[in-house]
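Me: I am new to reading structures. Can you take my questions one at a time?

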Amino acid sequence: GVSRDLSAGEILPLVMAAVVIGGLFQVAFGILRLGKYITLVPYSVVSGFMSGIGVIILALQLGPLLGITTRGGVLESLSTLANNFSPNWAAVAVALMTLAIVFLTPRQISQWLPSPLLALLIVTPLSVVLFDDGNLLARGLDPLPRIGTIPEGGLSFTMPNWSQHFPVILKAGLVLAVLGAIDSLLTSLVADNISQTRHDSDRELIGQGLGNSLAGLLTGLPGAEATMRTVINIKSGGSTPISGMVHSIVLFLVLVGAGPLAAEIPTALLAGILIKVGLDIIDWGFLRRAHRLSIKTAAVMYGVLLMTVFWDLIWAVLV
């Protein structure tokens, strides 16, 4: 509904206005106590959603695990992997070291220092020493894929443009608010299931709405709870809101100057960590017993799982 003749500089304030309005809608959802309706989602749907996320993680990380660049969704990534199957053996070695650490670290150690963080601290410097790009190229081998250069920069205040295209901005803000709310509250259900806790849906919506409105004023993207990162957080030992704050602080430090340190992390290392997470999030127990409960329960759970993997996460749950 917005004219294509607008320049990028003119479109940005309109987009930020939609982000701010979306955040305000989420605050309103929380104040009106609409978050309670997420509890109507049955366990079979939550289980299928969780297992689907786990399968997506496994499928998307097979390429990076082998040092093969893949993009897109599950089918596209697996197709690229099959058509360009030429493993980078340095990446495979890094992945094997990572998998050994995340699977074999004794619990006495991992309860104080999470195994993914341990793998990051051990394997990253080893990869720099053992798999230097110059040495690999001299032997006729491909360089080890790494995260690479991370853009750095600060925050800038932008006044949203409310005067133009307000109906379009209002509609876009509402869509952002609804999708963000559904995504976040579903993630909260998954987190509750893993951690055996109970979240406050309305408080989640108000907090997220305030954050998104402020992000819109600082030229930031709207955010929602990310299921994959939430599961990684919980499985790594994060049990309080402080873990989310630490996550934000670390990202801010990377943004303002620590990017070169993160740039050296091999993508195969991250893939190894995520393979462990993918296996952990799959609801193996419910997969084994769903058909014993009822055919309908099993059909719903497997239906959500398959739609999550091959179609879309949010639509899978809505359907």
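Me: Leaving aside neighbours within four places in sequence, which residues is S77 in contact with?

Reply: S77 is in contact with L60, T70, R71 and G72. Contact means heavy atoms within 4.5 Å. This is a predicted model, where local features need pLDDT of at least 70, side-chain atom pairs count only at pLDDT 80 or more, and totals for chains, interfaces and linings use all residues. Residues are numbered from 1 along each chain as its sequence is written, and side-chain values use heavy atoms, with hydrogens and water left out.

Me: What is pLDDT, and what does the chain average?

Reply: pLDDT is the predictor's confidence in each residue, from 0 to 100. The chain averages 86, and 97% of the residues score at least 70. Helices (H or I, at least four residues) are DSSP runs, numbered from the N terminus.

Me: Why is S77 called buried?

Reply: Buried means under 20% relative accessible area, exposed over 50%, and partly exposed in between (1.4 Å probe, protein chains only). S77 has 4% relative accessibility, so S77 counts as buried. S77 sits in helix α3 (residues 74–83).

Me: Why is I122 called partly exposed?

Reply: The relative accessible area of I122 is 37%, so I122 is partly exposed. I122 belongs to helix α6 (residues 115–130).

Me: What makes M159 exposed?

Reply: Its relative accessible area is 53%, so M159 is exposed. M159 lies in the loop between α7 (133–138) and α8.

Me: Which residues make the nonpolar surface patch?

Reply: L155, F157, M159, W162, F166, L170, L218, I249, F252, L253 and V256 make a patch of about 1,100 Å². Nonpolar side chains (Val, Leu, Ile, Met, Phe, Trp, Tyr) are joined within 5 Å, like charges within 9 Å. Helix α11 (241–263) gives the most, with four residues.

Me: How do you know that the span of α12 is close to the expected one?

Reply: Helix α12 (residues 267–281) has 15 residues. The expected span is 1.5 Å times one less than the number of residues. That gives 21 Å, and α12 reaches 21 Å from its first C-alpha to its last.

Me: What do the buried residues of α12 pack against?

Reply: They pack against α2 (43–65), α4 (89–104), α6 and α10 (227–235). Among these buried residues are A268, L269, A271 and G272.

How values were computed:
Helix = DSSP H or I, 4+ residues; strand = E, 2+ residues; numbered from the N terminus. Patch = residues over 30% accessible without salt bridge, like charges linked within 9 Å, V, L, I, M, F, W, Y side chains within 5 Å. Areas by Shrake-Rupley, 256 points an atom, 1.4 Å probe, with all protein chains shown as cover. Salt bridge = Lys/Arg side-chain N within 4 Å of Asp/Glu carboxyl O.
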